[in-house]
Amino acid sequence: MTFPYPVASEASIVTDAAEWQALIDGSFREVADIYHHPDFVALEARRIGATPGLVVAEVAGRTVGLSLLFRPIPGHPGLCDATSVYGYNGLLYSGPTGEPAPQEALAAIERALYLRGCVAVFNRSHPLRPAQLPGGALSGETLLLDLAAGQDAYLHGLADGNAYDLRRMRAAGLRAEVDMEGKHLEAFHQMYLATMNRHGATAGYRFPLEVVRGHFQLPSNAAQLWLAWDGNRLAASALFFRGRHCAHYHLSASDRQASKHPATKLILDAFIRSEIALGQRTSLHLGGGVGAAVDSLNQFKRSFGAQSVPFVVTRWIIRPADYDLLSEGHADADYFPLYRSPR
């Protein structure tokens, strides 16, 4: 294998949870998010039948890491491929913010993946970190709200239509509240599945209750379940994750039969105000439109004052010869890795 730059350093693949967590709490403390924690990655690994691993390289006093889910390739023992968790992963690296990770570290990570038998890597970028992995391509945009700017800035950026709807809902007696214990998690899940059915979502978005419950209970997520009530009827609900620096609008659901009001707006407004008052996180990541497109969902999130940032997806081929051999007979060029597409 010939790498595009010299491989003067070695990388290791960390699988021990305690060692992994020590890196998150140490070298990666200022850049790690919920998606990088070993408990989160392990839960995602169980969900898709994969093995979690954190690929780590040390170069010139800097530590660079990439958390991945390694999936076996049926019928090909010794080979695998890797994907990021459902969420926003990106590259981890210590050192001054804004400085790129050393190319030598990326080469060491590539070599470790090659020796692991990893044919290809699919990875989603993180909204607060530059995308630096080989094979990255702009896939659209995702949306960030600046919590650190404070409540006055938030209210100034709030669309007039949202402000009107919020006043109208509060006058009608609708209320938003947080369920810290997850007592309504099953009701939220049922509403979420109904919402996915209504929008024709693919199977990959229909998470089982045990997965949603697992994510809610993970200490690293500091998750909150928010509910909007119209009288005694649950009108909308949403699950938020809260990392060290950034909160994430993870899953959302609504019931059109329960209320004529856009109750999800009430939840988002209440959560944003709560986070601004708490003052612990600088950003709320709202995600993007469907497939990172600029669509009605994207516009809904923008109406809360969120700003767009590039969303980059990495399609990194580590072992080209194996990739080509495995891909024979597969024609869907938009699918990655190609050999996992239906024949």
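Which residues form one aromatic cluster?

Tutor: The residues of this one aromatic cluster are Tyr35, Phe40, Tyr88, Phe241 and Phe311. Before we go further, please keep in mind that this is a predicted model, in which local features need pLDDT of at least 70 and side-chain atom pairs count only at pLDDT 80 or more, while totals for chains, interfaces and linings use all residues. Residues are numbered from 1 along each chain as its sequence is written, and side-chain values use heavy atoms, with hydrogens and water left out.

Across the whole structure, a search finds 14 aromatic pairs (rings of Phe, Tyr and Trp, the last by its six-membered ring, with centres within 6.5 Å; planes under 30 degrees apart are stacked, over 60 edge-to-face, the rest tilted). One of them joins tyrosine 86 to tyrosine 205, an edge-to-face pair whose centres are 6.1 Å apart and whose planes stand at 85 degrees. This pair links distant parts of the chain, 119 residues apart: tyrosine 86 belongs to the loop between strand E4 (80-83) and strand E5 (92-93), and tyrosine 205 to the loop between helix H6 (185-198) and helix H7 (209-217) (helices, H or I with at least four residues, and strands, E with at least two, are DSSP runs numbered from the N terminus). Tyrosine 86 counts as partly exposed because its relative accessible area is 24%, and tyrosine 205 is also partly exposed, at 38% (buried is under 20%, exposed over 50%, partly exposed in between, with a 1.4 Å probe and protein chains only).

Returning to the cluster, its members Tyr88 and Phe311 form an edge-to-face pair too, with 5.7 Å from centre to centre and 65 degrees between the planes. Here again distant parts of the chain are linked, since tyrosine 88 lies in the loop between E4 and E5 while phenylalanine 311, 223 residues apart from it, lies in strand E13 (residues 307-317). Both tyrosine 88 and phenylalanine 311 are buried, whereas tyrosine 86 is partly exposed.

Finally, some rings have a charge as a neighbour. The charged end of arginine 116 sits over the ring of phenylalanine 70, at 4.7 Å from the ring centre, and that of arginine 319 sits over the ring of tyrosine 114, at 4.1 Å from its centre (NZ of Lys or CZ of Arg must be within 6 Å of the ring centre and within 35 degrees of the ring normal).
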